[in-house]
Amino acid sequence: MKLKSEKMTMEAFQAEREEVMRTWPTGQGVDFEDGVRYQLALPESKRFSSALAKAEREGKTLCQPRAGVALVDEHIKLLQFLEPSCDLLPSTIDAYTRLNHYEKAAEGVARSLAAGTSLLNGFPAVNHGLAECRRVVEALKKPVQVRHGTPDARLLGEITLAAGFTAYEGGGISYNIPYAKKVPLERSIRHWQYCDRLVGLYEERGVRINREPFGPLSGTLVPPFVSHCVAIIEGLLALEQGCKCITLGYGQAGNIVQDIAAIRSLRELGHEFFRAAGYEDYALSTVFHQWMGGFPENEAMAFSVIAWGSAMAALSGATKVIVKTPHEASGIPTKEANKQGLDATTQLLNMVREQVFPASPVVDLEVELIKREVRAVMAKVFELGNGDVAVGAVRAFEAGVLDVPFAPATCNAGKLMPVRDNEGAVRIFEVGRVPLPDDVLAYHKEKIAERAKAENRAPVFQMVVDDIYAISKSKLIGRPR
Ligand SMILES: CCC[C@H]1O[C@@H](n2cnc3c(N)ncnc32)[C@H](O)[C@@H]1O
């Protein structure tokens, strides 16, 4: 079916749903009306959208971990262990499920049962099915979100939303470009139009499900304007299918001014583009991801990175912060390490939340710079799509207009090359085919030249490599040895 930015008709949705529910046996037991009844019966305390709306009203930054293990009882124990230390809960889905390899996930569950410990890197919700997913929701007091990385997340959405999960992360771009190699962008955007239409159908029945495009993308030196464009496009695609509760995200880069400007501009640009598209009736929030790149192995240093990300989330005014753990450099954290990450985060949120970052001309300058970059790229996306943002997004990636640094997808040009400036802000080393205004490019070049002068070396690709490893080597900027 041809990709088009339009609300799926009920006929098209129902026809596709027949096929989706047959893709794994656990799809057979899922009935939408039953899901609506179950969702409506949930207490407000379990509704993600209510928690976000309250945090927005109070100007509070909520904290949320990532967490997921193979077996249901262990997953429940894990989330119950973390629950007192966070505001919002996840269920991080395993890598097999993200690729729709449910038979491999089934093997993983069997091996985990035999081994008595989780041998999957997340919770295989599709294999466990509706009743078992409801057992997770019923064992908890706080709202639970599905966090994953799935280009085709249709069955996963049907099962988990009917099971009472009240938030769904991802999108047709943000769960393709950083996560997949050869999934056609047109296909993943179509699949996510289905997911968003499902959320829209729940909304029409009075069940507000939160939708959170995956902000950080490749999580490696992604310039704010790049992730903002993807977030805004996925927000527009979700609104188009009837979603009303949107959380736009950004991955911490590390420079104070740029990170604060990133969240402020993300919120303002979200409203700007959503309203320009004619939407008024929606709830917008933001999420700040603690540093998504390489972490120090030294746990004390890892806590510093976590603490820094917590302070910046609060100072930026983000509605939510996604928390890392001191085991980040080694892999899936123990529940104790996961809790430690949350406790370190809570300490900083509590110490910073009453403080307001002073109005600052340099922050204002950075906000304006990001807005000019986003507007320039989005104008080209709409032009390429003749007004159709879905078609425009596909063509923009083909043309290198949208370009995510260090992303594995073959449809991503990979020509845009970022590098830190002398204060650690992410600047444009090579612009590739991204249509940024000349004076903006000149500004980036100037900021990089300042660093080159300070390091007494020409701006070279080695700087990029040095920056990628810098934080894991206890620095922000990859200075020459
Ligand atoms: C895009 C998300 C990457 C982050 O997501 C964490 N992550 C992945 N899977 C799990 C899991 N099953 N439990 C706790 N954290 C998890 C990684 O550590 C990394 O920080």
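Author: What follows is a description of the ligand site, its contacts and the annotated positions.

The model is predicted, and in it the ligand sits in the largest pocket. Around the ligand stand Arg66, Ala67, Gly68, Thr92, Asn121, Tyr179, Phe214, Met292, Lys324, Glu328, Ile332 and Pro333, and when this shell is sorted by class, it has six nonpolar, three polar and three charged residues.

A nitrogen atom of the ligand lies 3.0 Å from a polar backbone atom of Asn121, whereas the side chain of Lys324 places an N or O atom 2.6 Å from an oxygen atom of the ligand. Glu328 also takes part, with a polar side-chain atom that is 2.6 Å from an oxygen atom of the ligand. The ligand taken alone exposes 450 Å², of which the protein buries 80%.

The database record can be set beside this picture. In an unreviewed entry, UniProt lists Arg66, Arg98, Arg147, His148, Glu169, Tyr175 and Tyr179 under "binding site", and from this set Arg66, Arg98, Arg147, His148, Glu169 and Tyr179 belong to the lining of the largest pocket. Arg66 and Tyr179 are also among the residues that surround the ligand. As for His148, its place is in the loop that runs between β3 (144–147) and α8 (154–162).

Terms used. Residues are numbered from 1 along each chain as its sequence is written. This is a predicted model: local features need pLDDT of at least 70, side-chain atom pairs count only at pLDDT 80 or more; totals for chains, interfaces and linings use all residues. Side-chain values use heavy atoms; hydrogens and water are left out. A residue is near a molecule or strand if one of its heavy atoms lies within 4 Å of it. A polar contact is a pair of N or O atoms within 3.5 Å; within protein, one must be able to donate a hydrogen and the other to accept it, and residues adjacent in sequence count only if both atoms are side-chain atoms. Accessible areas come from the Shrake-Rupley method with a 1.4 Å probe; for residues, only the protein chains shown count as cover. On a 1 Å grid over the protein atoms alone, a cavity is a set of points where a 1.4 Å probe fits but cannot get out, and a pocket is an open set with protein on both sides within 12 Å along at least five of seven lines; lining residues have an atom within 4 Å of a point. A molecule sits in a cavity or pocket if more than half of its atoms lie within 2 Å of its grid points. Ala, Val, Leu, Ile, Met, Phe, Trp, Tyr, Cys and Pro count as nonpolar, Asp, Glu, Lys and Arg as charged, and the others, Gly among them, as polar. UniProt positions are given in the numbering used here, feature names are shortened, and annotations may be inferred rather than shown by experiment. Helices (H or I, at least four residues) and strands (E, at least two) are DSSP runs, numbered from the N terminus.
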